[in-house]
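Visitor: Hi, I have a structure open and would like to talk it through. Can we start with the pockets?
Guide: Happy to, let's bring it up.

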Amino acid sequence: MRRVLVLLLAVVAGCSKSSADTFSGAVLHTPYHAPATELTDTDGRPFSLTGSTDKRLTLVFFGYTHCPDECPTTMATLASAMLQLDDADRSNVQVVFVTTDPARDTGPVIRSWLDHFDDDFVGATGPLPTIKTVAERVGVPIDKGRRLPSGGYDVTHGTQVLALDGKNQVPVVWTLGTTAPEFAHDIHQLLS
């Protein structure tokens, strides 16, 4: 019986890919290229995805602070993933949140919101047409959504997290529902 179990485990192991060979995120055959378009960070300084991201890997997410579900969930997942990285990997990763609702998301509002997740996360804003241009260049749709009965509005935006490498390219995209361990695994693989 023991010999059959060992043989069965060997067969199963031989048929499956090693977790080191796979990504939870989608590997793009033609990477997106981040534009040098200037935005503004939460301290009011110029910020661009190409000129202001100095880590080997930058994770970029477009969202808004009034979002009731996907945005806080994604940012909490990224914060958890960062905690799962070893010191060497963590020191090579930057997380950037770009607002899709600049009318409500001022620099101080974004900074306060991000500090609930990780005070090392970077926030960026700018005029909505500029933000839309940056987002479209990296495959993220943005649209001012519907009016709410309360008089407010929601914002429709893509929920993917982008991996921006040192060449200002986006070779990997993660979709909504990626877990913190999956992010941590993929980040380690990208940095290896």
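Visitor: Which strand gives the most to the lining of the second largest pocket?
Guide: That is strand β5, residues 93-99, which contributes three residues to the lining. Keep in mind as we go that this is a predicted model.

Visitor: Which residues line the second largest pocket?
Guide: The lining consists of Lys55, Met82, Arg90, Val93, Gln94, Val95, Asp118, Asp120, Phe121 and Val122.

Visitor: And how does that lining split by class?
Guide: Five of the residues are nonpolar, four are charged and one is polar.

Visitor: How much space lies in there?
Guide: The second largest pocket holds about 150 Å³.

Visitor: Let's move to arginine 111. Where is arginine 111 found?
Guide: Arginine 111 sits in helix α4, which covers residues 107-115.

Visitor: What does arginine 111 touch, leaving out residues up to four places away in sequence?
Guide: Its contacts are Thr42, Asp118, Asp119, Phe121, Val122 and Gly123. Among them, Asp118, Phe121 and Val122 also belong to the lining of the second largest pocket.

Visitor: What separates the C-alpha atoms of arginine 111 and glycine 123?
Guide: The C-alpha distance is 6.5 Å, with the two residues 12 apart along the chain.

Visitor: Switching to the strands: how many bridges join β1 to β10, and do they run parallel or antiparallel?
Guide: They run antiparallel, and four bridges join them. Strand β1 spans residues 26-33 and strand β10 spans residues 169-174.

Visitor: What do β9 and β10 form, and which residue in the turn has a positive phi?
Guide: They form a hairpin with three residues between the strands, and asparagine 168 in the turn has a positive phi of about 60°.

Visitor: Zooming out, how many helices and strands are in the chain?
Guide: The chain has six helices and 10 strands. It runs to 192 residues, and 42% of them count as buried.

Visitor: And what share of the contacts joins residues at least 24 apart?
Guide: Taking contacts between residues at least 6 apart in sequence, 69% link residues at least 24 apart.

Methods. Residues are numbered from 1 along each chain as its sequence is written. This is a predicted model: local features need pLDDT of at least 70, side-chain atom pairs count only at pLDDT 80 or more; totals for chains, interfaces and linings use all residues. Side-chain values use heavy atoms; hydrogens and water are left out. Helices (H or I, at least four residues) and strands (E, at least two) are DSSP runs, numbered from the N terminus. Buried means under 20% relative accessible area, exposed over 50%, partly exposed in between (1.4 Å probe, protein chains only). Contact means heavy atoms within 4.5 Å. Two strands pair if DSSP finds at least two bridges between them. On a 1 Å grid over the protein atoms alone, a cavity is a set of points where a 1.4 Å probe fits but cannot get out, and a pocket is an open set with protein on both sides within 12 Å along at least five of seven lines; lining residues have an atom within 4 Å of a point. Grid points are joined across faces, edges and corners, and a volume is the space filled by probe spheres set on the points. Ala, Val, Leu, Ile, Met, Phe, Trp, Tyr, Cys and Pro count as nonpolar, Asp, Glu, Lys and Arg as charged, and the others, Gly among them, as polar.
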